[in-house]
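Visitor: Could you walk me through this one, and back up each label with its cut-off?

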Amino acid sequence: MAMEFNRIITLLRKERGITQKQAAQDLGISQAQLSHYEKGIRECGLEFVVQVADYYNVSCDYLLGRSAERSGQTIRVEDLPDTASPTDSIYRGSVLPVMYKKLIENSLDILFDKLAVCKDKDLVTAVSNYLMLAVYRMFRHLYQASPKNVASMFRVSRARWQGYTDAAMHAAEGDLLAQLSGEDGAQAARAASQLDMTTTSLTTDYPRHATSLLNLIKNSEEAVRSLQR
């Protein structure tokens, strides 16, 4: 419990902008005791977990790292927002973020549709793990750009996270290639035979999304080829 609890109570206190002394006073404990909890030196009782949850207006599941939502809610697929909302076209008055978001979003629609055809859970997991790590990497760079943002939002330390993320992404890509080659069994290798496609078939099968994918490929390859110069 200590690893998640100490990180999260530190995060909540700093995001609220109160001192350790003030939080300790409000919670009815000494500053030294709260300092030990925040550093993970001591573990508190369940009664104190409930008290802290009430103080910060979060759930106990969130405090213990069991839920990423402050309410403790478990997200279901039907709870996720529909990406095709009217606000998709509004990004601080700038067109460029909208364009790139649509290129990526529409390309992902095709990617996951192809994965659905394969009906291979391990293949979907490997691709998803890689993509989630890529988004995590970019978000963390942006988050850490501001010194005002609280570092304890993240569990992996500042010194380790980039190297560890690299390793995790390489591992996810390795799993993907092993499955597609049949190294881990025949299912994914058979699934690969269902991935035949051409620019014509992509345009026919995905008339609304193919343009985004083809432009994403073009932009990406221009970036890659520029490294050869």
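This is a predicted model: local features need pLDDT of at least 70, side-chain atom pairs count only at pLDDT 80 or more; totals for chains, interfaces and linings use all residues.

Visitor: What makes a residue buried or exposed?

Guide: Buried means under 20% relative accessible area, exposed means over 50%, and partly exposed is in between, with a 1.4 Å probe and protein chains only. By that rule, 31% of the 229 residues of the chain count as buried.

Visitor: And what makes something a helix here?

Guide: A helix is a DSSP run of H or I with at least four residues, a strand is a run of E with at least two, and both are numbered from the N terminus. The chain has eleven helices and zero strands.

Visitor: How do you know that the buried residues of α11 line one face?

Guide: In α11, the buried ones are A210, S212 and L213. Looking down the axis, they fall within an arc of 160°, so they line one face of the helix; the arc is that of the directions from the helix axis to the C-beta atoms.

Visitor: What span should α11 have, and what does the model give?

Guide: The expected span is 1.5 Å times one less than the number of residues. For the 17 residues of α11 (210-226) that comes to 24 Å, and the end C-alpha atoms are 24 Å apart, which agrees. Helix α8 (residues 161-181) has 21 residues and reaches 30 Å from first C-alpha to last, close to the 30 Å expected. Its buried residues include W161 and M169.

Visitor: Which residues of α4 are buried, and which are exposed on the face turned away?

Guide: In α4 (residues 46-56), F48, V49, V52, A53, Y55 and Y56 are buried. They cover an arc of only 160° around the axis, which puts them on the same side of α4. The face turned away carries the exposed residues L46, E47 and D54.

Visitor: What makes N57 worth a look?

Guide: The phi of N57 is near 60°, a positive value in a residue other than glycine. Most residues other than glycine have a negative phi. N57 follows α4, in the loop between α4 and α5 (60-63), and at 66% relative accessibility it counts as exposed. K119 also has a positive phi, near 55°; K119 sits in the loop between α6 and α7 (121-144) and is exposed at 69%.

Visitor: Why is R13 with E38 called a salt bridge?

Guide: The term needs a side-chain nitrogen of Lys or Arg within 4 Å of a carboxyl oxygen of Asp or Glu. R13 and E38 come to 2.7 Å, N to O, so the pair qualifies. R13 lies in α1 (residues 2-16) and E38 in α3 (residues 31-39), so the pair ties together parts that are 25 residues apart in sequence. Both R13 and E38 are buried.

Visitor: How many salt bridges does the structure hold?

Guide: Nine. Among them, D166 and R137 meet at 2.4 Å, linking α8 to α7 across 29 residues. D166 is partly exposed at 34%, whereas R137 is buried at 15%. E105 and K101 meet at 2.8 Å, and both lie in α6, four residues apart, about one turn of the helix. E4, R7 and R155 are linked in a network of salt bridges.

Methods: Residues are numbered from 1 along each chain as its sequence is written. Side-chain values use heavy atoms; hydrogens and water are left out.
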